[in-house]
Amino acid sequence: MGSKSRQVIALAAVGCMGKYVCEELLADDRFDVIVISRTRQEWFTNRSIPIYESDYSLPSVLSILESTRATTLISFLNVNDGRFITIHCAFIAACLASTNCKRFMPSEYCGNIEAFPDRPRFYGSTREPIRKVLRGVQGLEWTLLECGWFMDYFLKPEKSHMRPVPDEFPIDLDKWTVRIRGTGDELQSWTLGREVGKAAVELCAAEKW
């Protein structure tokens, strides 16, 4: 699929953050987008985004990458146990075996990993092992997309792709409560999901990672 002048970007396990990337890719005539998912979802079919059902195994993902001639695979998988490592290793292996897909972005999108690579705590046991795998890989470009708290959580659900997470996010819009972290004087960074989506698109267009 896709014309010779348009890159095909494959998005896997798309959830809240991934929908912003989908929308920004759809708005950019440099790219075609496909979604790799365990199930078909109305949100994508309503936008005529091709969905390829997969169990996220190496043979399944590789077959999709080959048939679509995707050049980049971006993961949005959001699990915090050993499945994260197993599935991402399959994604990496599929890219390495693929004819065209030689760029990979694992699912991160949280925190300051340069200063605190194991924060939040579950990143130490899930994300860091994948970073180590990628550091040892040859023949595959990869990058990590990091950001602060999403400003979208300030919005009501109907105005945001982000689902409410009152146990994680310090502001609960329903109860009108705020949980102050630390002393309250520490600097806090905020990012719009839409802007992260735009950044991901520009990364896809970059000549070199």
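Contact here means heavy atoms within 4.5 Å. The model is predicted.

Start with the sheet. It is open and has 6 strands, paired in parallel, in the order S3-S2-S1-S4-S5-S6. S3 and strand S6 (141–142) stand at the edges. Each has a single partner strand, so one side of each is left without a neighbour in the sheet. Arginine 103 has glutamate 141 in S6 as its bridge partner.

Now turn to helix H3, residues 58–68. H3 lies across S1, S2, S3 and S4. Against S3, H3 runs at about 150 degrees. Its buried residues are Ser60, Val61, Ile64, Leu65 and Thr68. They share the same side of H3, because they cover an arc of only 130 degrees around the axis. Their cover includes strand S1 (7–12), strand S2 (31–37), strand S3 (51–53) and strand S4 (72–75). Helix H4 (82–97) is also part of that cover. Arginine 69 follows H3, and its phi is positive, near 60 degrees.

H4 itself holds histidine 88. Is histidine 88 buried or exposed? Histidine 88 counts as buried, because its relative accessibility is 0%, where the cut-off for buried is under 20%. Its side chain reaches the backbone oxygen of phenylalanine 84 at 3.0 Å. Which residues does histidine 88 contact, leaving aside neighbours within four places in sequence? They are Ser75, Leu77, Phe104, Pro106, Ser107 and Ile130.

In soluble globular proteins, nonpolar side chains tend to be buried together. The largest nonpolar core here has 31 residues, and Leu11 and Met17 touch the most other members. S1, helix H1 (16–26), S2, helix H2 (42–45) and helix H6 (193–205) each give two or more residues to this core. H1 gives the most, with 6 residues.

Leucine 11 shows how these elements meet. Leaving aside neighbours within four places in sequence, leucine 11 is in contact with Gly18, Val21, Cys22 and Leu25, among others. Its contacts also include Val33, Ile34, Val35 and Ile36. A second, separate core has 26 residues, including Tyr56, Ala70, Val79 and Phe91.

Note on methods: Residues numbered from 1 in each chain as written. Predicted model: local features only at pLDDT ≥ 70, side-chain atom pairs only at ≥ 80, totals over all residues. Heavy atoms only, no water. Buried < 20%, exposed > 50% of the residue type's maximum accessible area, 1.4 Å probe, protein only. Helix = DSSP H or I, 4+ residues; strand = E, 2+ residues; numbered from the N terminus. Arc of directions from axis to C-beta. Polar contact = N/O pair within 3.5 Å; in protein donor to acceptor, adjacent residues only side chain to side chain. Core = buried A, V, L, I, M, F, W, Y, C linked by side-chain atoms within 4.5 Å. Pairing = 2+ DSSP bridges. Axes fitted to C-alpha atoms, helices over the stretch in contact; angles between N-to-C directions.
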